[in-house]
Amino acid sequence: MKNSEAFNITAHGDREIVVTRVFDAPRRLVFDAYTKPELVKTWLLGPPGWSMPVCEIDLRASGKYRYVWKNNNDGTEMGMGGVYREVVTHERIVATEKFDEAWYPGEAVDTIVLVERNGKTALTQTILYDSRETRDAVLKSPMQSGMAASYDRLEKFLPELGSEPLSA
């Protein structure tokens, strides 16, 4: 499947963005890539030239996470974090999201659902914002290109994970 066919971002309802992507890997690997700091730091980087010097994950309901990205060219940093509301191993993650220097009001709630069919994993991420205006502003931001770059990087990285022992 071509990446352009596997990745989609759409507005849904009044306040949601729905992101879909299909990965050619079992869902346990995709789940691990989302939940193990040493793996998250390899792919969740947005466009080229960024790194993730801080990646902290306490993967449990009421546990916190924190990410800090760094632009390796000019040293600019961007941080965000949140609280896990629900974690169902290999299936579902629900967490809040708030940027350190928030450019939109309130916090978002992300729900990630992983469904495996024939060795491929369909990821659906629903992001709920406080208002339609916030959702629309996010859709106009570079979010889509950054997510696409990260997911393309993850797609290339997943085959390497298949040969490593990870979560049970």
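Buried means under 20% relative accessible area, exposed means over 50%, and partly exposed lies in between (1.4 Å probe, protein chains only). The model is predicted: local features need pLDDT of at least 70, side-chain atom pairs count only at pLDDT 80 or more, and totals for chains, interfaces and linings use all residues. Residues are numbered from 1 along each chain as its sequence is written, and side-chain values use heavy atoms, with hydrogens and water left out.

**Exercise 1. Classify Arg27 and Glu91, then describe their pairing.**

Step 1. Arg27 has 24% relative accessibility, so it counts as partly exposed.
Step 2. Glu91 is at 37%, so it is partly exposed.
Step 3. The two form a salt bridge, with the closest N and O atoms 3.6 Å apart. A salt bridge is a side-chain nitrogen of Lys or Arg within 4 Å of a carboxyl oxygen of Asp or Glu.
Step 4. Arg27 lies in helix H2 (residues 27–35) and Glu91 in the loop between S5 and S6, so the bridge ties together parts that are 64 residues apart in sequence. Helices (H or I, at least four residues) and strands (E, at least two) are DSSP runs, numbered from the N terminus.

**Exercise 2. Trace the salt bridge between Asp14 and Arg132.**

Step 1. The closest N and O atoms of Asp14 and Arg132 are 2.5 Å apart.
Step 2. Asp14 sits in the loop between strand S1 (7–12) and strand S2 (16–23), while Arg132 is in helix H4 (residues 132–140). The pair links distant parts of the chain, 118 residues apart.
Step 3. Asp14 is partly exposed at 48%. Arg132 is partly exposed at 39%.

**Exercise 3. Describe the lining of the largest pocket.**

Step 1. The lining has 34 residues, and Trp69, Met80, Phe99, Met143 and Met147 lie nearest the pocket's centre.
Step 2. H5 gives the most to this lining, with 6 residues.
Step 3. A pocket is an open set of points on a 1 Å grid over the protein atoms alone, where a 1.4 Å probe fits, with protein on both sides within 12 Å along at least five of seven lines; lining residues have an atom within 4 Å of a point.
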